[in-house]
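This briefing concerns side-chain contacts in a predicted model. Please view the structure below before reading the points that follow.

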Amino acid sequence: QVQLVESGGGLAQAGGSLRLSCAASGRTFSDYAMGWFRQAPGKGREFVAGISRGGDSTDYAESAKGRFTISRDNAKNTMYLQMNSLKPEDTGVYYCAAAGGRSRYSVPRASALYESWGQGTQVTVSS
């Protein structure tokens, strides 16, 4: 499995921005579709955004569309999530995840399809 480490979380004000990073190691990064998930206090883990192996395809949860941008740099084994116009409801622990064995343009939404997970990074948005 690929090992994943998130960074970039923290405290932001509503309307502000944060950029999350996910560094991968241990396997060929470009073999994996990647995703960002978040878990708010007392809630389940939900899909936020995903990107295909080569970055050709992306998918966003409705709540993230128009505000968040997912990207990856396969040469640097790193994925990013640029979060703009943050809202208090964006608060939660953000996890990056890797899904192997996917077709070139596949971007899974179901967490069960992701085999590797990072430890998470806390994002707190104040009103």
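**Side-chain contacts**

Glu46 and Arg38 form a salt bridge through their side chains, with an N to O distance of 2.6 Å; a salt bridge is a side-chain nitrogen of Lys or Arg within 4 Å of a carboxyl oxygen of Asp or Glu. The model is predicted: local features need pLDDT of at least 70 and side-chain atom pairs pLDDT 80 or more, whereas totals for chains, interfaces and linings use all residues. Residues are numbered from 1 along each chain as its sequence is written, and side-chain values use heavy atoms, with hydrogens and water left out.

**Salt bridges**

- The structure holds 6 salt bridges.
- Arg38 also forms a salt bridge with Asp90, with the closest N and O atoms 2.9 Å apart.
- Both Arg38 and Asp90 are buried (under 20% relative accessible area; exposed is over 50%, partly exposed in between; 1.4 Å probe, protein chains only).
- Glu46 is partly exposed, at a relative accessible area of 36%.

**Aromatic pairs**

- There are 4 aromatic pairs in the structure (rings of Phe, Tyr and Trp, the last by its six-membered ring, with centres within 6.5 Å; planes under 30 degrees apart are stacked, over 60 edge-to-face, the rest tilted).
- The Phe37 and Trp117 rings are a tilted pair because their centres are 5.0 Å apart and their planes stand at 55°.
- Phe37 is buried, with a relative accessible area of 1%, whereas Trp117 is partly exposed, at 27%.
- Phe37, Phe47, Tyr114 and Trp117 are linked into a cluster by ring pairs.
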